[in-house]
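Here is a friendly note to read alongside the structure that follows.

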Amino acid sequence: MKLLLVGEVRDGRITTETAELFGFAARLKAEVSMALVGNVGEFPAFSGRLYRANGGNEYDATFHKRLVLDAVERERPDAVVFLHSSLGWDIAPRVAFAMQAAQVSGVVGLDDGGYVVESCNGKMRRTVRPLTSRAVLTIQPGAFAPVATEGTPELIAIEAEPDSAIEFLGCIQPERGIDLTRAGVIVSAGRGLGSADRVELVRALADALGGEVGASRPVVDAGWLERARQVGSSGQSVSPSLYVACGISGAIQHLAGMKGSGFVLAVNTDRDAPITSVADVLAVADLAEFLPALTAAIRTRR
Amino acid sequence: MNILVCIKQVPDMEGKFVPNEAGSWFDEAGLAWKMNEYDAFAVEEAVRLKEQLGGGARVTALSIGPARAVETIRKALAMGCDDGVHIDDPDAPQRDPWQIASMIAGFAAGRGFDLIFTGMQSEDRGSAQVGVLVAEQLGLSSVTGITAFEWLDGSMTVESELEGGRKYRLRLKPPVLLTCQPGLNTPRYPTLPNIMKSKRAALAVLSQESVSLDSPKVLSANFRPHEPNAAGVILEGDVDTLASQVLDLLEAKGFISTQGGVR
Ligand SMILES: Cc1cc2nc3c(=O)[nH]c(=O)nc-3n(C[C@H](O)[C@H](O)[C@H](O)COP(=O)(O)OP(=O)(O)OC[C@H]3O[C@@H](n4cnc5c(N)ncnc54)[C@H](O)[C@@H]3O)c2cc1C
């Protein structure tokens, strides 16, 4: 099997997730080549061809697409593999369309020649099999362990015309101010709270446990808590020794930000919620009743 | 300004999912239905743009699905869309993103849409492919995962979200397709008069046969629950017992410090 991996560059460096593409390839015992856009001084160590282009806008989907298609033309891979990231879900369908190839999004595992993906916000899984001879895949960050690779790639420069239809105005950095990455205990509020006033229940438990308050994205989008408290792929990545998820279903983008936690307590009315894939304890309960009861119990026992 | 919004009806994710007989997808029995969350942001943004532009804009809401999808189209009308189009296709839930995109593009081709809004993905399939595939098929520029949209003098400025909360700011001109991400806006609750009006609105119903349909590119099988943490414990019961059980566990793990008193 031959794979063309699409690596990612951020702030002039190859992203750490790029190593997961090699991890995926190793699982398939595949021969690899790579395509990469961006100005980098260092390249991943592997033996194979590395197609790269300098220039183009930092954001230029058409430019990325042309680079990858050019590499596809020369390599004739069985599959083109992206990360399921903002770059991957943006470019992969463009490449799949040009190749008239099947795309499988968010691969988390392998199953008898097919690819395992999540469905229903992470509650279910299914196996997807491409019906075309070549496929485009996006693999879920965190699903395939990175592997250490060695060798020196053969660099092949590719020229591609930038796309003038979209004007790049710049990159906006997120507001920070609250650093959850060093917190030992985080109690996070999810949409299951139902209303803004219940944030107080979460805050009270966080106080009793001596921890910080975190949030899932809908809670932040609704303005119940500051954006800087968002945990997940588009928020902060945290690794407390105790993480309490209150009314959080456990979508993969949330899990991406808290999987590194030591002990996970989930409070949820749905015993099948996907948070059970990482929870050490799930208390099946209505948080409106359970959180005050737990907070009171902690205060009494101390 | 001619605007198209593509919407999908999905089950409430808190429902109980049971595989269908073929194991390819879920059985629909007992599920409650609603507008895909990501699409609600698309509808809201389209309606806001129409309001900003005054009389010169029209918004068409399109959904492909079985008969039940009509409810979701009416919801989009109640939120302010002008026209509802239903591509009546009982097999839609089984179709892959490529096929759905071929149907949308087949409908949109030649209808002169300046702007197409879709959700960035659906809650049930989560493939994040349909929007971009439609754009590619129609030869339009597209931007995925927008969290801001501003229209000024014939061009638009959008923000496209990256990992860690970073965003690209981009400027572009119609015709384009944009896929919408939560955070873009707060979808409105339709007013009662608008709900009543939407119930009486005539929808354009097209049969699946009347729009183009490509053959599938993937096969789906072995639909099953996710795997829970094998070492995880599930506790149920009355809240006070639960609270003391959980407290015991937390204490055993050393998370309840007796020092420093109550904070
Ligand atoms: C590109 C992208 C990036 C994203 N980035 C992030 C991110 O960084 N962080 C993030 O969190 N999400 C992110 N998301 C969104 C993510 O997919 C989910 O939509 C989100 O995490 C869901 O939040 P939630 O669990 O709070 O809400 P829901 O999924 O709505 O879950 C609510 C939960 O509460 C439970 N519940 C309801 N009522 C009660 C009650 N009374 N008592 C107890 N439990 C109750 C329900 O059973 C359910 O499990 C991203 C999505 C995309 C597409």
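1. Let us begin with chain A. It has 7 helices and 17 strands, where helices (H or I, at least four residues) and strands (E, at least two) are DSSP runs, numbered from the N terminus. Its C-alpha atoms fill a box of roughly 70 × 45 × 35 Å, taken along the principal axes.

2. Before going further, a word on how to read this note. This is a predicted model, in which local features need pLDDT of at least 70 and side-chain atom pairs count only at pLDDT 80 or more, while totals for chains, interfaces and linings use all residues. Residues are numbered from 1 along each chain as its sequence is written, chains are lettered from A and ligands numbered from 1 in the order in which they are written, and side-chain values use heavy atoms, with hydrogens and water left out.

3. How much of chain A is buried? Of its 302 residues, 58% count as buried; buried means under 20% relative accessible area, exposed over 50%, and partly exposed in between (1.4 Å probe, protein chains only). Chain A exposes about 11500 Å², with carbon and sulfur atoms supplying 46% of that area. Accessible areas come from the Shrake-Rupley method with a 1.4 Å probe, and for residues only the protein chains shown count as cover. Among the contacts in chain A between residues at least 6 apart in sequence, 62% join residues at least 24 apart; a contact means heavy atoms within 4.5 Å.

4. For contacts in chain B with a separation of 6 or more, residues 24 or more positions apart account for 71%.

5. Next, the ligand. Which residues are closest to it? Of the 30 residues that surround the ligand, the closest are A:S216, A:S234, A:S249, A:Q253 and A:N268; a residue is near a molecule if one of its heavy atoms lies within 4 Å of it. The surrounding residues come from chains A and B, so the site is shared between chains. By type, the shell divides into 9 nonpolar, 16 polar and 5 charged residues. Here Ala, Val, Leu, Ile, Met, Phe, Trp, Tyr, Cys and Pro count as nonpolar, Asp, Glu, Lys and Arg as charged, and the others, Gly among them, as polar.

6. A ligand oxygen is 3.0 Å from a polar backbone atom of A:R217. One ligand nitrogen is 2.8 Å from a polar backbone atom of A:V231, and a nitrogen atom of the ligand is 2.9 Å from an N or O atom in the side chain of A:D286. The protein covers 93% of the 980 Å² of accessible area that the ligand has on its own. Helix 5 (217-221) and helix 6 (252-258) of chain A are the elements that give two or more residues to the shell.

7. Helix 5 of chain A includes A:P218. Is this residue buried or partly exposed? A:P218 counts as partly exposed because its relative accessibility is 25%. A:P218 and A:Q230 are 12 residues apart in sequence, with their C-alpha atoms 9.2 Å apart in space.

8. Helix 4 (residues 199-209) of chain A has the buried residues A:V199, A:V202, A:L205, A:A206, A:A208 and A:L209. They pack against strand 13 (185-189), strand 14 (212-215), strand 15 (242-246) and helix 7 (287-301) of chain A, together with helix 6 (239-252) of chain B. After helix 4 of chain A comes A:G210, with a positive phi near 70 degrees.

9. Finally, look at B:T144, in strand 7 (residues 141-152) of chain B. B:T144 is buried, because its relative accessible area is 4%. Its side chain joins that of A:D90 in a polar contact of 2.4 Å. Not counting residues up to four places away in sequence, B:T144 touches A:W89, A:D90, B:V132, B:S160 and B:T179.

How values were computed: A polar contact is a pair of N or O atoms within 3.5 Å; within protein, one must be able to donate a hydrogen and the other to accept it, and residues adjacent in sequence count only if both atoms are side-chain atoms.
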